[in-house]
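Hi,

Here is the structure I said I would pass on.

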Amino acid sequence: MRPLRNPVIQAILAWTLAQWMRFCFATIRWTHHNQTIAEKVWADGGGVLCAFWHSRIGLSPACWPLDRAQPAKALISLSPDGQFIAKAVALQGIPAVRGSSANKDKADRAKGGSQALRDGLRQLKVGALAITPDGPRGPMREMAEGLPLLARLSKAPVLFIGMSCNPAIRLNSWDRAILPLPFGRGAIVWDVDRYPEGAELADVARAWTERLTAVEAAADAHVGLERV
């Protein structure tokens, strides 16, 4: 049995990861760039889509101030690894919507894409929904049409969030995910857009891929983290 399929081991590891992330976030020296964009979205209230690449899930709770931003949920896959991540993120105040929007052709399969779409739209009526548009399996930094579809249907703004820290642990995973280390430098970079009226999903996915990659690259540059 894989360790993450054992619910007891999964719960212990999730709690440990959540505590480690809290400690790191508290000791990292953060800089925020273009945060007035996010502040306006938070002040306006209502639904908002929060997009960041899958490799930055381990930094994501640092970008969302629970005391003044909309209540948030995260769209996380139904895989055992997704369940582990869902528990760690939920322990930091961001519960999960389970399913995957990564591949529209699999929306009705066991990953729960159709239900995730419905639950995501329901969440967007009241608050924020965090999405990794290249997840859960990639390819790395290639946006599927799930995010543009949710933006078109909900008419919610999309916050593109680039996050980085240095030093960091880089995992040997498909997305080369990073986990924070304490007492380093961190950066969060913001951009925003809405679904263009009449645009094709594929065209929007390509344009938004460039914008999301740009804010992530900017965050890496601010802290001196090597791009991969």
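**Helix packing and salt bridges**

Before anything else, keep in mind that this is a predicted model. I started with α5, where Gly146, Leu147, Pro148, Leu150 and Ala151 are buried.

α5 (residues 146-154) packs on α6 (residues 201-223) at an angle of about 115°, and the axes are 9 Å apart. That makes the two helices roughly perpendicular to each other, and the crossing is right-handed. On the α5 side the contact uses Leu147, Pro148, Leu149, Ala151 and Arg152, and these meet Leu201, Val204, Ala205 and Trp208 of α6. Sorted by class, that contact has eight nonpolar residues, one charged and no polar ones.

Now the charges: the count comes to twelve salt bridges. Within α6, arginine 206 pairs with aspartate 203 at 2.3 Å, N to O; they sit three residues apart, about one turn of the helix. Aspartate 203 is partly exposed, at 39% relative accessible area.

Glutamate 216 is the one I'd click on next. Its side chain meets that of arginine 56 in a salt bridge (3.6 Å, N to O). Arginine 56 is in the loop between β2 and β3 and glutamate 216 is in α6, so this pair ties together parts 160 residues apart in sequence. Arginine 56 counts as buried at 1% relative accessibility, and glutamate 216 is buried with 1% as well. Glutamate 216 also forms a salt bridge with arginine 227, closest N and O atoms 2.8 Å apart. Through shared partners, Arg56, Arg141, Glu216, Asp220 and Arg227 join into one network.

Cheers

Terms used
Residues numbered from 1 in each chain as written. Predicted model: local features only at pLDDT ≥ 70, side-chain atom pairs only at ≥ 80, totals over all residues. Heavy atoms only, no water. Axes fitted to C-alpha atoms, helices over the stretch in contact; angles between N-to-C directions. Helix = DSSP H or I, 4+ residues; strand = E, 2+ residues; numbered from the N terminus. Parallel < 35°, antiparallel > 145°, perpendicular 65-115°, else oblique. Left-handed = near helix turned anticlockwise from the far one by under 90°. Contact = heavy atoms within 4.5 Å. Nonpolar A, V, L, I, M, F, W, Y, C, P; charged D, E, K, R; others polar. Buried < 20%, exposed > 50% of the residue type's maximum accessible area, 1.4 Å probe, protein only. Salt bridge = Lys/Arg side-chain N within 4 Å of Asp/Glu carboxyl O.
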